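Welcome! Please take a look at the sequence and the model below, and then read on for a short tour.

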Amino acid sequence: MERSIVGCKWQDRVRNYDLKKKTKLTDILRQIDRQKLRWTGHMMRDTRGKWNKAVTKWYPRDGNRSRGRQRRRWMDDIKMTAGRLWTRVAQD
């Protein structure tokens, strides 16, 4: 999409980094990660005892897991972005 905005083709051999500099568009995946971490920090600092904090920390330990690749959870994305100790990062 950025190549069509700038008007260049793959054959022009322009790097993606240079295209991002020209268009000044933000990476959507990075923006999503930022927003998720921001919401998580807001949720973790809440002292009213809402259900969303309990649901995020809840981990089902009973029952059998289904076969195949496991579905990604909200917490999995946050752990990839902020690290294993994401609760400390979110509260800061």
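## How the chain is built

A residue is called buried when its relative accessible area is under 20%, exposed when it is over 50%, and partly exposed in between, using a 1.4 Å probe and protein chains only. By that rule, buried residues make up 20% of the 92 residues in the chain. This is a predicted model, so local features need pLDDT of at least 70 and side-chain atom pairs count only at pLDDT 80 or more, while totals for chains, interfaces and linings use all residues. Residues are numbered from 1 along each chain as its sequence is written, and side-chain values use heavy atoms, with hydrogens and water left out.

The chain holds six helices and zero strands, giving the pattern α-α-α-α-α-α along the sequence. Helices (H or I, at least four residues) and strands (E, at least two) are DSSP runs, numbered from the N terminus. Contact means heavy atoms within 4.5 Å. Among contacts between residues at least 6 apart in sequence, 40% join residues at least 24 apart.

## The nonpolar core

Which residues make up the largest nonpolar core? They are Met43, Met44, Met75, Ile78 and Trp86, five residues in all. Helix H3 (28-45) and helix H5 (74-82) are the elements that give two or more residues to this core. A nonpolar core here is a set of buried Ala, Val, Leu, Ile, Met, Phe, Trp, Tyr and Cys residues joined through side-chain atoms within 4.5 Å.

The structure has one salt bridge, meaning a side-chain nitrogen of Lys or Arg within 4 Å of a carboxyl oxygen of Asp or Glu. Glutamate 2 forms this bridge with lysine 20, and their closest N and O atoms are 3.2 Å apart. The pair links distant parts of the chain, 18 residues apart: glutamate 2 sits in helix H1, and lysine 20 in helix H2 (residues 16-23). Side chains of opposite charge can pair when their charged atoms come close.

Leaving aside neighbours within four places in sequence, glutamate 2 is in contact with Leu19, Lys20, Thr23 and Leu25.

## The surface

The accessible surface of the chain comes to about 8600 Å², and 51% of it belongs to carbon and sulfur atoms. Accessible areas come from the Shrake-Rupley method with a 1.4 Å probe; for residues, only the protein chains shown count as cover.

Met1, Ile5, Val6 and Leu25 make a nonpolar surface patch of about 400 Å². Patches are made of residues with over 30% relative accessible area and no salt bridge; like charges are joined within 9 Å, and nonpolar side chains (Val, Leu, Ile, Met, Phe, Trp, Tyr) within 5 Å. One member, valine 6, lies in helix H1 (residues 2-6) and is partly exposed, with a relative accessible area of 33%.

## Two loop residues with positive phi

Arginine 13 has a positive phi of about 60° although it is not a glycine. Arginine 13 lies in the loop between H1 and H2 and is exposed, with a relative accessible area of 76%.

Lysine 24 also has a positive phi of about 60°, again without being a glycine. The loop between H2 and H3 is where lysine 24 is found, and at 70% relative accessibility lysine 24 counts as exposed.
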